[in-house]
Amino acid sequence: MRGISKLFLFGRKGNWKIIILCFFGAGTFWFFNSLNKDYTTRINYPIKFIYNQDSTIVIGELPSKIRMEVSSGGWDILRKSIGFDIDPIAIELRNPTEIKYLTNTTLLPIVSEQITELSVNYIAVDTLFFDIQNIRSRLVLLELDTSGLTIAENHDIVSDLVLKPDTIKLYAPESMIDTLDAFAVRYSENDISSDVEVDIMINLPFPRYNIADPEKIKLSFNVRRFVEKSSDIKVDLVDFPESFATDSIEKIIQLKFMIREDSLSKFNDSSFVVRARFENFNFSDSTVIPRVVEMPSFVKELSFENPQLTFK
């Protein structure tokens with residue numbers, strides 16, 4: 001007894017090593033001996049689904065494991081619990097889009113057939129739920145969202161905003177495809193002062209489940225600089241009677257407008273046609289308001305310096 005007590009004397013480090021090794025050896029012997037016995041326990045076992053994936057898509061996530069109670073020797077249970085040398089249980093779905101769940105009653109024979117080393121007592125989960133849908137396609141019209149687009153000062157867009165193509169084919173789960181009548185393509189840029197031709201990636205409404213064909217489109221439009229100009233334009237008088245002293249009417253009116261800088265050489269006063277009709281003549285103040293009936297396409301923001309003609 002005195003010899004044993006001496007082993008525990010604190011000053012003797014060598015004795016402690018011997019004690020630890022003894023306990024470790026005893027524990028190891030007990031552990032390996034225990035694995036030779038039979039046990040009943042619950043384990044999580046990996047599963048995989050076998051189905052046609054070419055024309056279907058999974059909504060959410062497929063279950064990857066099932067919990068079940070098994071009985072077997074300790075070695076077998078240990079190997080399956082830690083995932084050593086383990087193949088997932090294959091669950092074949094012949095009609096994946098028609099089946100939305102599997103009960104434990106359905107799963108038990110599938111599991112028992114594929115796990116031969118363990119005795120499966122029961123499946124601990126009542127039901128496995130999943131959602132697999134057919135993939136459908138449809139043509140979707142693209143709409144351009146220009147809310148994030150601004151043009152530089154004294155510049156303007158002088159052409160149509162063209163999307164090529166303006167429709168795409170979308171592939172999506174059947175429960176979503178009918179909601180995709182049209183969706184916006186967004187282009188954001190500030191102070192644009194030159195022509196634009198850019199590729200835009202399609203911003204899919206359900207990016208996890210959608211495929212677009214094509215995946216990107218081209219947006220193009222032209223931008224030009226405008227300059228301010230004014231001009232004195234002769235007014236054509238229409239249907240004025242001879243009794244009116246038309247020579248006394250101020251037949252010149254000043255127009256102010258913005259004109260495309262690259263079209264200045266094309267402009268002359270005859271580019272405008274301004275008319276005043278006698279039927280619009282105001283006898284109370286002897287005035288008539290002219291109207292611009294023709295103007296160049298490269299002119300905008302037209303205004304009269306003096307909006308009316310007056311008899312003297």
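**Exercise 1.** Determine what share of the contacts between residues at least 6 apart in sequence joins residues at least 24 apart.

*Solution.* Contact means heavy atoms within 4.5 Å. Among contacts in the protein between residues at least 6 apart in sequence, 73% join residues at least 24 apart. The model is predicted, so that local features need pLDDT of at least 70 and side-chain atom pairs count only at pLDDT 80 or more, while totals for chains, interfaces and linings use all residues. Residues are numbered from 1 along each chain as its sequence is written, and side-chain values use heavy atoms, with hydrogens and water left out.

**Exercise 2.** Describe the largest nonpolar core and the elements that give two or more residues to it.

*Solution.* A nonpolar core is a set of buried Ala, Val, Leu, Ile, Met, Phe, Trp, Tyr and Cys residues joined through side-chain atoms within 4.5 Å, where buried means under 20% relative accessible area (1.4 Å probe, protein chains only). The largest such core has 23 residues, and Phe 49 and Ile 66 are among those with the most contacts inside it. Two or more residues come from each of β1 (38-50), β3 (65-73), β4 (89-92), α4 (104-114) and β6 (119-123), in which helices (H or I, at least four residues) and strands (E, at least two) are DSSP runs numbered from the N terminus. β1 gives the most, with four residues.

**Exercise 3.** Locate Asn 210 and decide whether it is buried or exposed.

*Solution.* Asn 210 lies in the loop between β15 (196-201) and β16 (211-213). Its relative accessible area is 5%, and therefore Asn 210 counts as buried. Leaving aside residues up to four places away in sequence, Asn 210 touches Tyr 171, Ala 172, Pro 173, Leu 180, Leu 204 and Pro 205.

Definitions and conventions: Buried < 20%, exposed > 50% of the residue type's maximum accessible area, 1.4 Å probe, protein only.
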